[in-house]
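Subject: Structure handover

Hello,

My notes on what was found in it follow.

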Amino acid sequence: HGFTYSGHPVTAAVAAEAIRIYREIDLVSQARRLGDYLHGALAEVLGDHPIVGEVRGQGFIAGIQIVEDRAARRAFEPDRRIGADVERRCREHGVMIRNMGDVLAICPPYIITEREIDALVDGIRSALDGAAAANSRVGQVA
């Protein structure tokens with residue numbers, strides 16, 4: 001079977017040009033290097049945050065686990081909607097993340113720069129700081 005635009009010469013030409021550009025700028029190597037930079041920056045800036053249980057991921061995908069009790073990695077009660085609060089605070093700092101309950105998903109574009117990664121991580125840190133400060137129980141280590 002086929003689709004209306006399958007193999008259309010215009011879309012095929014656009015795809016071929018995109019692949020040429022990816023090779024020209026060596027996007028795969030750049031993504032590998034910047035993915036490592038992203039994970040290093042996340043670990044350095046957020047690794048000791050009182051409401052971050054774990055930073056995990058690979059390449060350009062990362063997850064930040066938000067916890068009420070860092071030592072026990074105890075999650076927040078779902079009705080507290082801490083992930084939604086942090087997501088809203090991230091947007092206030094110009095950072096778009098995906099809220100998946102108590103895990104924040106980060107998936108930046110492959111063309112991001114180191115400076116933009118630093119701004120992204122700083123914005124997330126500010127959002128987490130704000131969420132921790134907004135609730136006296138948040139961030140208290142047992």
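Read along the sequence, the chain runs α-α-β-β-α-β-β-α, that is, 4 helices and 4 strands. Helices (H or I, at least four residues) and strands (E, at least two) are DSSP runs, numbered from the N terminus.

This is a predicted model, in which local features need pLDDT of at least 70 and side-chain atom pairs count only at pLDDT 80 or more, while totals for chains, interfaces and linings use all residues. Residues are numbered from 1 along each chain as its sequence is written, and side-chain values use heavy atoms, with hydrogens and water left out.

Confidence

pLDDT is the predictor's confidence in each residue, from 0 to 100. Its mean over the chain is 89, and 91% of the residues reach 70 or more. Confidence is lowest in helix 1 (residues 9-24), with a mean of 91, and highest in strand 4, at 96. Over residues 138-142 the pLDDT is below 50, and this stretch has 13 contacts in the model beyond near neighbours in sequence. Contact means heavy atoms within 4.5 Å. Where pLDDT is low, the predicted coordinates should not be read in detail.

Overall dimensions

The C-alpha trace spans about 60 × 35 × 25 Å along its principal axes. The radius of gyration of the chain is 19 Å, whereas a compact globule of 142 residues would have a value near 14 Å. That radius is taken over C-alpha atoms, and the globule rule is 2.2 Å times the number of residues to the power 0.38. The accessible surface comes to about 8800 Å², and 54% of this belongs to carbon and sulfur atoms. Areas come from the Shrake-Rupley method with a 1.4 Å probe; for residues, only the protein chains shown count as cover.

Of the 142 residues, 35% count as buried. Buried means under 20% relative accessible area, exposed over 50%, and partly exposed in between (1.4 Å probe, protein chains only). Among contacts between residues at least 6 apart in sequence, 58% join residues at least 24 apart.

Core

The largest nonpolar core has 29 residues, and those with the most contacts inside it are L42, I64, I66, V86, I106, I124 and L128. Two or more residues each are given to this core by helix 2 (27-46), strand 2, helix 3, strand 4 (103-106) and helix 4 (114-134). Helix 4 supplies the largest share, 8 residues. A nonpolar core here is a set of buried Ala, Val, Leu, Ile, Met, Phe, Trp, Tyr and Cys residues joined through side-chain atoms within 4.5 Å. Leaving aside neighbours within four places in sequence, I124 is in contact with L46, I64, C90, V95, I97 and I106.

Q65 sits in strand 2 (residues 61-66) and counts as buried because its relative accessibility is 18%. Not counting residues up to four places away in sequence, Q65 touches I51, V52, G53, E54, R56, R73, D102 and V103.

R73, one of those partners, lies in the loop between strand 2 and helix 3 (82-92). Its relative accessibility is 43%, so R73 counts as partly exposed. R73 has a positive phi, near 50°, without being a glycine. R81 lies in the loop between strand 2 and helix 3 and also has a positive phi of about 50°, although it is not a glycine. At 56% relative accessibility, R81 counts as exposed. Most residues other than glycine have a negative phi.

Salt bridges

How many salt bridges does a search of the whole structure find? The search finds 12, where a salt bridge is a side-chain nitrogen of Lys or Arg within 4 Å of a carboxyl oxygen of Asp or Glu.

- E68 pairs with R80, the closest N and O atoms being 2.9 Å apart. Both lie in the loop between strand 2 and helix 3, so the pair ties together parts that are 12 residues apart in sequence. E68 is buried, at 11% relative accessible area.
- E87 pairs with R91, with the closest N and O atoms 3.7 Å apart. Both lie in helix 3, 4 residues apart, about one turn of the helix. E87 is partly exposed at 22%.
- R125 pairs with D129 at 3.3 Å, N to O. They are 4 residues apart in helix 4, so about one helical turn separates them. R125 is partly exposed at 24%, as is D129 at 35%.

Regards
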